[in-house]
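Q: Please take a close look at the annotated active site of this protein. Then place that site in its wider surroundings.

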Amino acid sequence: MPSISRDEVAHLAKLARLAVTEDELDLFAGQLDVILQSVATVGDIATADIPPTSHAVPLTNVFREDVVRPSLGQQQALSGAPEAEDGRFRVPRILGEEA
Amino acid sequence: MTNDLIHATAAELAAKIHSGEVSSVEVTQAHLDRIAETDGKVHAFLHVDAEGALAQARKVDEAVKAGETVSPLAGVPLALKDVMTTEGVPTTVGSKILEGWLPPYDATVTRKLKEAGVVILGKTNMDEFAMGSSTENSAYGPTHNPWDLDRIPGGSGGGSSAALAALQAPLAIGTDTGGSIRQPGAVTGTVGVKPTYGGVSRYGLVAFSSSLDQAGPCARTVLDAALLHEVIAGYDEMDSTSINEPVPPVVAAAREGLTGDLSGVRIGVVTQFQGEGYQPGVLRSFQAAVSQLKELGAEIADVSCPSFDYALPAYYLIAPSECSSNLARFDAMRYGLRVGDDGTRSTEEVMSLTREAGFGPEVKRRIMIGTYALSSGYYDAYYGSAQKVRTLITRDFQKAFATFDVLISPTTPTTAFKIGERADDPMAMYKADLCTIPANLAGTPAMSVPSGLSDEDGLPVGLQIMAPALQDHRMYRVAAAYEAARGAFGGASL
């Protein structure tokens with residue numbers, strides 16, 4: 001029995017904001033199933049008494065003095081934008097029809 | 001003359017440039033000519049910046065003429081993986097989603113290279129977002145292995161390693177998340193080093209899996225890699241995971257190693273990385289390396305690290321999970337591609353259409369696996385368990401390093417496979433990283449140094465040397481001694 005169905009892959013694609021095609025759904029459903037079954041073996045040795053490691057180096061928050069420093073200017077920050085207007089990123093409509 | 005220049009090591013070139021025997025412009029032009037002559041076949045570069053390279057070379061030449069003291073690698077050309085931002089110079093990460101993007105700032109690695117007078121020839125090809133082991137996942141076409149143009153140069157940093165093997169550059173920069181420096185190094189007969197995690201700044205390195213990504217040096221000799229390591233390493237306040245410790249003395253260690261004495265050095269052979277699935281020629285090359293290290297005076301014994309058998313599955317949960325989060329920034333709003341914005345579609349629709357058009361299949365697969373592994377109901381079984389395996393791998397390393405100074409294994413289970421051979425089988429492709437992944441999960445340094453050619457196919461094999469965190473110099477010493485005994489590889493004949 002597959003660990004992941006075609007419908008679940010379609011749902012994942014939606015969550016990940018990927019407008020995948022029908023052909024891709026067929027391809028990915030099979031491949032993701034094989035991959036997920038293979039990686040599930042981590043459960044074989046991951047017992048309850050083992051603490052998880054999220055990062056190889058123990059992390060502590062890093063602070064700096066709150067002083068103004070040189071940074072990217074507005075023009076530089078917008079230089080790669082697909083569209084900009086009045087010194088701002090121009091985006092498609094955000095609110096739904098009902099708004 | 002030109003021929004001598006492209007065959008020379010970075011250390012030799014630096015000496016010649018700094019003594020005024022040749023100019024950096026001559027050296028740079030020789031490599032630009034070599035790229036023009038060979039890159040139609042190899043396709044190591046996505047972008048060649050001849051103008052920028054020659055301008056930097058002229059600056060170094062002027063400084064040398066004026067009698068100024070220059071940095072040890074000033075004037076020497078380098079190939080930069082296209083994952084590092086370069087101000088005003090295209091940075092694509094091998095993806096269509098960033099095609100044509102001109103970064104407004106330099107990565108810390110880029111800045112350090114420029115400040116050291118290193119000449120950046122251009123940006124090298126890579127698997128899209130550094131996801132892959134063959135450079136076939138580049139949206140701009142594959143790179144070909146200079147040893148056999150029908151074969152892969154490894155990945156994700158296949159462009160950087162192929163450039164070294166094709167004598168297009170004596171130095172290169174790679175990034176290694178699961179083996180992307182070491183595996184290409186192994187299959188192209190070049191040296192590739194993944195430093196201790198946090199040893200080299202990730203600022204301006206386009207993120208794939210932030211807890212694993214680590215930039216490092218690539219070269220044709222161990223000493224050259226060490227010289228480059230010291231240029232790019234060091235604490236950076238722009239990277240919150242940067243380690244605030246002195247840079248390990250890797251150049252001194254490489255020079256010590258070149259004397260050829262490894263008396264008293266304790267080397268552990270990881271027993272998990274041999275046997276089934278390993279090409280016999282690779283194992284024979286590895287055994288020959290073990291014998292050679294013994295002759296140099298090293299004490300060698302087997303060591304078992306049972307959790308390493310689970311490194312591959314843990315990695316293919318952790319890296320996709322982090323990538324699914326990191327790549328959310330490609331939202332078609334602030335930089336990069338935007339498609340489908342015809343005035344009728346919502347932001348969410350434009351985002352989904354753009355990501356569909358801009359990402360290749362492997363990137364989409366990994367984003368979806370990560371999304372799955374992090375979703376409620378599956379988190380504990382997948383991502384949570386993978387994090388526990390990470391703990392076990394770190395413990396196995398700690399145990400092994402209580403007895404041994406360094407650990408060794410083959411870098412990859414096989415030599416370079418044919419282009420297309422594993423393209424439709426993601427799991428087969430993933431297995432190329434079998435031996436390299438544990439060091440990423442533990443954050444420890446590891447490198448690959450050529451161990452000759454496999455006797456059955458005549459293709460390069462790599463010896464992997466692993467050391468404890470912040471002890472990068474230990475592996476350089478062993479690698480340099482081994483290289484001195486075996487003889488350094490030149491490039492491939494094209």
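A: **The annotated active site and its setting**

The UniProt record, an unreviewed entry, lists B:Lys81, B:Ser156 and B:Ser180 under "active site". These three span 100 residues in sequence, yet no two of their C-alpha atoms are more than 10.9 Å apart, so they gather at one spot. The model is predicted.

Take B:Lys81 to begin. B:Lys81 sits in strand β2 (residues 77-81) of chain B. B:Lys81 counts as buried because 32 other C-beta atoms lie within 10 Å. Beyond its neighbours within four places in sequence, B:Lys81 is in contact with B:Thr124, B:Met126, B:Gly157, B:Gly159, B:Ser160, B:Ile173, B:Gly174 and B:Thr175.

Now B:Ser156. This residue lies in the loop between β3 (119-124) and α6 (158-165) of chain B. B:Ser156 is buried too, with 34 other C-beta atoms within 10 Å. Setting aside residues up to four places away in sequence, B:Ser156 touches B:Met126, B:Asp127, B:Ala130, B:Met131, B:Gly132, B:Thr135 and B:Ser180.

Next, the span around the site. For "domain: Amidase", the unreviewed UniProt entry lists residues 26-474 of chain B. That span is 38% helix and 13% strand, and its end C-alpha atoms lie 36 Å apart.

Across the boundary, 28 residues of domain 1 of chain B are in contact with 23 residues of domain 2 of chain B. On the domain 1 side, α15 (426-430) and α16 (437-442) of chain B each supply at least two residues. The largest share of that side, 3 residues, comes from α16(B). That side divides into 15 nonpolar, 9 polar and 4 charged residues.

The largest nonpolar core has 177 residues, and B:Leu78 and B:Ile465 have the most contacts inside it. Helix α11 (residues 311-326) of chain B gives the largest share of this core, 9 residues. Domain 1 and domain 2 of chain B both give residues to the core, so it lies between them. Not counting residues up to four places away in sequence, B:Ile465 touches B:Val406, B:Ile408, B:Ala446, B:Met447, B:Val449, B:Met475, B:Val478 and B:Ala479.

Strand β7 (residues 266-270) of chain B has 4 of its 5 residues buried, so it is largely enclosed by the rest of the structure. β7(B) runs parallel to strand β8 (residues 299-303) of chain B, and 5 bridges join them. In this pair, B:Val270 stands opposite B:Val303.

Finally, the partner chain. 57 residues of chain B are in contact with 45 residues of chain A. On the chain B side, the elements giving two or more residues are α11, α12 (347-358), α13 (361-374), α14 (380-403) and α15. α14(B) gives the most, with 11 residues. The chain B side divides into 28 nonpolar, 17 polar and 12 charged residues.

How values were computed:
Residues numbered from 1 in each chain as written. Chains lettered and ligands numbered in written order. Predicted model: local features only at pLDDT ≥ 70, side-chain atom pairs only at ≥ 80, totals over all residues. Contact = placed C-beta atoms within 7 Å. Nonpolar A, V, L, I, M, F, W, Y, C, P; charged D, E, K, R; others polar. UniProt positions renumbered as here; feature names shortened; annotations may be inferred. Core = buried A, V, L, I, M, F, W, Y, C linked by C-beta atoms within 7 Å. Buried ≥ 20, exposed ≤ 12 C-beta atoms within 10 Å, placed from the backbone. Domains from an automatic or database assignment. Pairing = 2+ DSSP bridges.
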